[in-house]
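Please have the sequence and the structure at hand while reading.

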Amino acid sequence: MTREAPVVLWFRRDLRLGDHAALLEASRHSKHVLALYVLDEALLKPGGAPREAFLYGCLEKLNEQLGGRLMLVRGEPAAEVVRAAREIGAAAVHVSADTGPYGRRRDAAVAEALAENNIDWVETGSPYAVTPGRVTKPDGSPYRVFTPFHRAWTAHGRHSPADTGPSLVDWVVPPRSLGIPRPPRVSAVLPEPGERAALNGWHDFLDGPIETYDADRDRPDRDGTTRLSPYLRWGCVHPRTLLADLDGDDRPGAKSLRGELCWREFHADVLWHRPETARENYDRRFDAMTYDDDREAFERWCAGRTGYPIVDAGMRQLLAEGWMHNRVRMVVASFLVKDLHLPWWLGARHFMKHLVDGDLASNQLNWQWVAGSGTDAAPYFRIFNPTTQGEKFDPQGNYVRKYVPELRGVPGKAVHQLKDRPADYPAPMVDHAHERRVSLERYGKITS
DNA sequence: TTTTGAGTTGTTCGA
DNA sequence: GTCGAACAACTCAAA
């Protein structure tokens, strides 16, 4: 191999240079690599402004790491990737596989267009420690339950981190490039973008919070989570890097975090096998489920004006930060589906619009998990009581007061069971005990 | 082959 | 206040 003919490394959700298997593979084929990113309207349009703004930040950082040699184009990927590859006389286009429904369709079209031009398409790695589809039951069929998947995923061999130092290749000077777009204005305060910020955050986590992560990750009033979800979404860091750092660590926090990373991979695996579950019920019995049609109720939920403090705090955190604590995501989701009887996909869409970390597989399938239509092997009667959840996981009420200013005058845990409601804070929009019974009744109708 | 036990995240009720 | 039982039906793996 001469390594003279240049190749393209097309970045998608792998916006980093470290531990990058596709970059390593590209470097084996050529020392001249063009770094390409395609702004794809089909992806940008449904995504919300916070995620778009964060993406542009990550592209800025990546471009800096590349010495300004990131080629940015806008348009239809099949046309744009072929055009860029031809412009530099590339022999191949290297990518990290995108296993989502849209990514697979898009990549099939791009690979075909490249083949017509005698340009190779090389997929190496994916955004997951174990590429979706690789973990199966002995008979080759996919797992439907998390725990067995977790066991098999743990037993599945993992690759070591890819050694991709800064001098691995000579980055090709782009023949042309757009400037990185000005991020859309967002009111949410977003995290620092890019690979460096991701790794700094990770190392800070390892230096302290991991010790108590096991318990603290359930506490929205504490800053006990990794906050890595936006970086994992865009591939500023690869989960393999994190798992390698946790290797052999038996502390409860490390075990717990490995489990969370496995959930991310499980949902990607489910979506890979069942791409339609991004829109449709995983459990088709739920196609017969009765939902309400109540625009006003939905809007109150979106705005954080339900009258249930923990729900309202979560919904407002989402708007303020483009992020919501995991525990609270479950509580607000349960409230939408089981107290307001609105369909999960409405909530999932709202989340995708506002979350910086919005990931199709994790988002849609976690929503389905809460709604009962997903992979949950556990009971249908698991209906969150928003008051109990607030008292249990925000015991001093600090989380609620941080995001619901109307309640700042209410001390301690009293924010969860308001005796005197401030005039500007709404009464509970529904009676939880009643709506719980309604949900159980509706569930009974579709399963009996 | 059949049986058995367990399954991320819960709540309510009655003792 | 604390505790255990009950709340379906199904998936998966081990016995």
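## How H10 and H11 cross

Helices H10 and H11 cross in a left-handed way. The model is a predicted one. H10 covers residues 239-246 and H11 covers residues 252-273. Their axes come within 11 Å of each other, with a crossing angle of roughly 160°. Angles over 145 degrees count as roughly antiparallel, and H10 and H11 are therefore roughly antiparallel to each other.

From H10, the residues that make the contact are Pro239, Leu242, Leu243 and Leu246; from H11, they are Ala254, Leu257, Arg258 and Leu261. By type, seven of the contact residues are nonpolar, none is polar and one is charged.

## The buried face of H10

Which residues of H10 are buried? They are Pro239, Arg240 and Leu242. Viewed down the axis of H10, these buried residues fall within an arc of 160°, so they line one face of the helix.

The cover over the buried residues of H10 includes helix H7 (195-206), helix H9 (229-234) and H11. Just after H10 comes Gly248, which has a positive phi of about 80°.

## The buried side of H17

Helix H17 spans residues 386-393, and its buried residues are Pro386, Gln389 and Gly390. Because they cover an arc of only 100° around the axis, they are on the same side of H17. An α-helix has 3.6 residues a turn, so residues three or four places apart point the same way.

Which helices do the buried residues of H17 pack against? They are H13 (309-321), H14 (326-339), H18 (398-403) and H19 (432-447).

Definitions and conventions:
Residues are numbered from 1 along each chain as its sequence is written. Chains are lettered from A and ligands numbered from 1 in the order in which they are written. This is a predicted model: local features need pLDDT of at least 70, side-chain atom pairs count only at pLDDT 80 or more; totals for chains, interfaces and linings use all residues. Axes are lines fitted to C-alpha atoms, for helices over the stretch in contact, and angles run from 0 to 180 degrees between N-to-C directions. Helices (H or I, at least four residues) and strands (E, at least two) are DSSP runs, numbered from the N terminus. Angles under 35 degrees count as roughly parallel, over 145 as roughly antiparallel, 65 to 115 as roughly perpendicular and the rest as oblique. A crossing is left-handed if the near helix is turned anticlockwise from the far one by less than a right angle, and right-handed if clockwise. Two residues are in contact if their C-beta atoms, placed from the backbone, lie within 7 Å. Ala, Val, Leu, Ile, Met, Phe, Trp, Tyr, Cys and Pro count as nonpolar, Asp, Glu, Lys and Arg as charged, and the others, Gly among them, as polar. A residue is buried if 20 or more other C-beta atoms lie within 10 Å of its own, exposed if 12 or fewer, and partly exposed in between; C-beta atoms are placed from the backbone. The arc is that of the directions from the helix axis to the C-beta atoms.
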